[in-house]
Amino acid sequence: MIAKIEQLLQEIGTLTATSAEELEALRIKYLSKKGAINNLMADFRNVPADQKREVGQKLNELKTRAQDKINALKDQFSGQDNQAAEMDLTRTPYPVKPGTRHPLSIVTRETIDIFSRLGFTIAEGPEIEDDWHVFSALNFAEDHPARDMQDTFFIEANPDIVLRTHTSSVQVRTMEKTQPPIRIICPGRVYRNEAISYRAHCFFHQVEALYIDKNVSFADLKQVLLLFAKEMFGAETKIRLRPSYFPFTEPSAEMDISCNICGGKGCPFCKHTGWVEILGCGMVDPNVLESSGINSKVYTGYALGMGIERITNLKYQVKDLRLFSENDIRFLREFESAH
């Protein structure tokens, strides 16, 4: 029996397994009830009395070594199983490229940076608003077309609640809570009931600015607009202001910049005029100041607003607005170098 035990000790010392199935087969062969070691234990009663002590010690050593060997191999496969469990089997076998900022985020960040250097701070407000902050406080008449269902999303359960059509509502909330001087920039998403096409969408993004203080003039507004245009589109950019109408500003204007594609010479993009419209602006109407609790005889101010999609179109020549919300990775990768 000693010879059999020595043979099994040698076998167990060289055991290997390449899978959990092979390991289980080895355990059954050596340690199961019908395994080789239990068979030797059953024959132990036939060992002569003078040899029982030596054989018993050898049998215990054999069983211990076999158990230790099986456990060591089991730990090896357990580590592999844990590693496999931590592996994401849904990942693509190709290298995963790092993400990139969305072009609207890039332009929004640049716009905020320009105005921040002029002393403007960021102000934010709710996207679900009431009629007062979106229309009435901004001097919109009751029969103004912007109140029509064709332009505004109303909440059916309460027609006084709307999805904001512009971030001017943030300006109203700021004026209600803060006394001048006020110098804020209001970036955010807005909603209008528009048919979705390459040139329009039911939601888009705006950045509006408001400055109220004593002795603020239209000349101050023009200087800020010129600086913004040069910072955003290049030092050679020119601007022009055309008279316009907005309920909340008087006088009001729309601003054009010299076409950044043809340099003002005329091309299909600017319809051969050399100019492209980018924003609306004007001096804050005294009625708007008074409705928010600001004395219009002491303070004046200007406001301006622009669509981020519009600025992004001009800066990067994106011709289809729908690309901004489709999350096409191929489109987003085009802006990796714009960070």
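Two strands count as paired if DSSP finds at least two bridges between them.

Before going on, note that this is a predicted model: local features need pLDDT of at least 70, side-chain atom pairs count only at pLDDT 80 or more, and totals for chains, interfaces and linings use all residues. Residues are numbered from 1 along each chain as its sequence is written, and side-chain values use heavy atoms, with hydrogens and water left out.

**The whole chain**

The protein has 11 helices and 10 strands. Its radius of gyration, taken over C-alpha atoms, is 38 Å, whereas a compact globule of 339 residues would come out near 20 Å by the rule of 2.2 Å times the number of residues to the power 0.38. The C-alpha trace spans about 120 × 45 × 35 Å along the principal axes.

Of the 339 residues, 41% are buried, where buried means under 20% relative accessible area (1.4 Å probe, protein chains only). If you take contacts (heavy atoms within 4.5 Å) with a separation of 6 or more, 66% of them join residues 24 or more positions apart. As for charge, there are 41 positive and 46 negative side chains, counting Lys and Arg against Asp and Glu and leaving out His and the chain ends. The centres of the two sets lie 7 Å apart, with each charge placed at NZ of Lys, CZ of Arg, CG of Asp or CD of Glu.

**Strand pairing**

Strands of a sheet pair through backbone hydrogen bonds, either parallel or antiparallel.

Elsewhere, β10 (residues 300–307) is largely enclosed by the rest of the structure, because six of its eight residues are buried.

| Pair | Sense | Bridges |
|---|---|---|
| β3 and β4 (residues 158–163) | antiparallel | two |
| β6 (residues 203–213) and β10 | antiparallel | eight |
| β9 (residues 275–284) and β10 | antiparallel | five |

For landmarks, Phe154 is bridged to Val162 in β4, and Gly280 stands opposite Gly305 in β10.

**Helix α10 and what follows**

The buried residues of α10 are Ile308, Glu309, Ile311, Thr312, Asn313 and Leu314. They pack against α5 (103–116), β6, α8 (218–233), β8 (249–258), β9 and β10. After α10 comes Gln317, with a positive phi near 55°.

Val318 sits in the loop between α10 (308–316) and α11 (329–332). Is Val318 buried or exposed? Val318 counts as buried because its relative accessibility is 8%. Skipping neighbours within four places in sequence, Val318 touches Asn313, Leu323, Phe324, Phe331 and Phe335. Phe331 is 13 residues away in sequence and 10.0 Å away in space, C-alpha to C-alpha.

**Ser168**

Ser168 belongs to helix α7 (residues 168–177). With a relative accessible area of 1%, Ser168 is buried. Which residues does Ser168 contact beyond its neighbours within four places in sequence? They are Leu138, Glu208 and Phe248.

Definitions and conventions: Helix = DSSP H or I, 4+ residues; strand = E, 2+ residues; numbered from the N terminus. Buried < 20%, exposed > 50% of the residue type's maximum accessible area, 1.4 Å probe, protein only.
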